[in-house]
Each structure stands twice: as C-alpha cells, then as structure tokens.
Amino acid sequence: MISNSLLTSIADRVGTPVMIYDEDMIRGIMKTFTSNFKSNKFETRVLYASKAFICGHMARIVAEENLYFDAVSGGEIFLITRATGLDAGRIYFHGNNKTKNEIREFLNLGEGHIVLDNLDELMLLHDITEKTGQSANV
C-alpha cells in the first residue's frame with residue numbers, strides 16, 4: 001500500500017495527473033496467466049493487449065515475461081519492436097482499421113500474425129501478398 005504522503009510527494013515532484021504502476025504486481029499477474037493457461041493438447045499463448053497501455057518499459061516487461069503482443073496499429077508495432085528488439089513473430093496485428101501501408105510494413109517485419117477482422121481486410125491482404133510475393137500468418 002502506498003501512503004498518501006508518498007503520493008503527495010510524487011504529485012508535487014512530477015505534477016498531476018500522474019499514473020503509477022506496480023511492476024511487481026503486473027509481472028505477478030502475467031505469471032499467473034502464463035502458468036494457468038497451458039494445455040497438454042495444444043499450444044497456448046498469452047497476449048498482452050497493447051491498446052490497454054503501452055510504452056517502452058511496459059513492452060519490455062511483456063517481452064521479459066514471454067507474453068505475445070496484440071497490437072492494433074503501426075505505431076504500437078513500431079514501439080514494441082523498437083523497445084524490445086523482438087521480431088514480429090511475437091506480435092498479433094489486430095484491429096479493424098488497418099491501413100494498406102501498415103499491413104505492408106508489418107509483412108516486411110517477418111513472421112508476425114495478422115488477425116483479419118472482415119472480408120475487406122482479407123481482400124486487401126490478398127492483393128498485397130499477390131503483388132509482393134509475401135505470405136502471411138492469418
């Protein structure tokens with residue numbers, strides 16, 4: 001438990017609003033998920049929804065705890081790969097507003113996973129892969 005005097009001290013030093021995260025608690029929750037969502041019958045993966053909160057430090061925590069990323073924009077993907085040094089294999093590109101450029105750039109990163117949200121995205125991905133000769137994990 002954080003004392004009111006500590007919170008006041010932080011607010012005085014950095015201003016408000018301020019967000020404070022408990023890294024030990026976050027890591028503990030991640031460990032709970034990864035240890036409980038396992039199967040002897042098939043591979044499981046725990047994904048962190050980066051749209052909930054993402055910054056360089058959070059991306060590194062997620063990577064260090066061996067979670068995968070659910071990213072919904074090219075900006076999130078850029079931040080994740082830049083902060084962690086990971087390739088796209090640990091990223092699921094999700095979201096119903098992917099642009100042609102974002103899809104193209106994501107495919108250039110390598111073996112990432114694209115979650116298609118509608119038939120239009122399927123056709124867009126098909127057009128891109130036909131023109132570039134690339135394949136996609138869907």
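A: **Side-chain contacts: rings, charges and core**

In this predicted model, Tyr-21 is partly exposed, with a relative accessibility of 41%.

Phe-33 and Phe-37 form another stacked aromatic pair, with 5.6 Å from centre to centre and 10° between the planes. Phe-33 counts as partly exposed, its relative accessibility being 40%. Phe-37, with a relative accessible area of 48%, is also partly exposed.

Rings also receive charged groups. The charged end of Arg-90 sits over the ring of Tyr-68, at 5.6 Å from the ring centre. The charged end of Lys-98 is placed over the ring of Phe-93, again at 5.6 Å from the centre.

Charged groups meet one another as well, and the structure holds seven salt bridges. One of them pairs Glu-64 with Arg-27, where the closest N and O atoms are 2.5 Å apart. Glu-64 is in helix H3 (residues 56-64) and Arg-27 in helix H2 (residues 23-36), so this bridge ties together parts that are 37 residues apart in sequence. Arg-27 has a relative accessible area of 16% and is therefore buried, the limit for that class being under 20%.

Arg-27 forms a salt bridge with Glu-65 too, the closest N and O atoms lying 2.7 Å apart. Since Arg-27 is in helix H2 and Glu-65 in the loop between H3 and strand S2 (68-71), this pair ties together parts that are 38 residues apart in sequence. Both partners, Arg-27 and Glu-65, are buried.

Another salt bridge brings together the side chains of Arg-45 and Glu-43, at 3.0 Å from N to O. Here Arg-45 is partly exposed, at 31% relative accessibility, while Glu-43 is exposed, at 59%. Salt bridges with shared partners link Glu-23, Arg-27, Lys-31, Glu-64 and Glu-65 into one network.

The nonpolar residues remain. The largest nonpolar core has 23 residues, and within it Met-30, Val-62, Ile-91, Ile-103, Phe-106 and Ile-114 touch the most other members. Two or more residues of this core come from each of H2, H3, S2, helix H4 (74-84), strand S3 (91-93), helix H5 (100-109) and helix H6 (119-132). H3 provides the largest share, four residues.

Ile-91 shows the contacts of one core member in detail. Apart from its neighbours within four places in sequence, Ile-91 is in contact with Phe-69, Ala-71, Ile-77, Ile-80, Thr-81, Phe-106, Gly-112 and His-113. Among these partners, Phe-106 is itself one of the core residues that touch the most other members.

How values were computed
Residues numbered from 1 in each chain as written. Predicted model: local features only at pLDDT ≥ 70, side-chain atom pairs only at ≥ 80, totals over all residues. Heavy atoms only, no water. Salt bridge = Lys/Arg side-chain N within 4 Å of Asp/Glu carboxyl O. Buried < 20%, exposed > 50% of the residue type's maximum accessible area, 1.4 Å probe, protein only. Phe/Tyr/Trp six-rings, centres within 6.5 Å; stacked < 30°, edge-to-face > 60°. Lys NZ or Arg CZ within 6 Å of the ring centre and 35° of its normal. Core = buried A, V, L, I, M, F, W, Y, C linked by side-chain atoms within 4.5 Å. Contact = heavy atoms within 4.5 Å.
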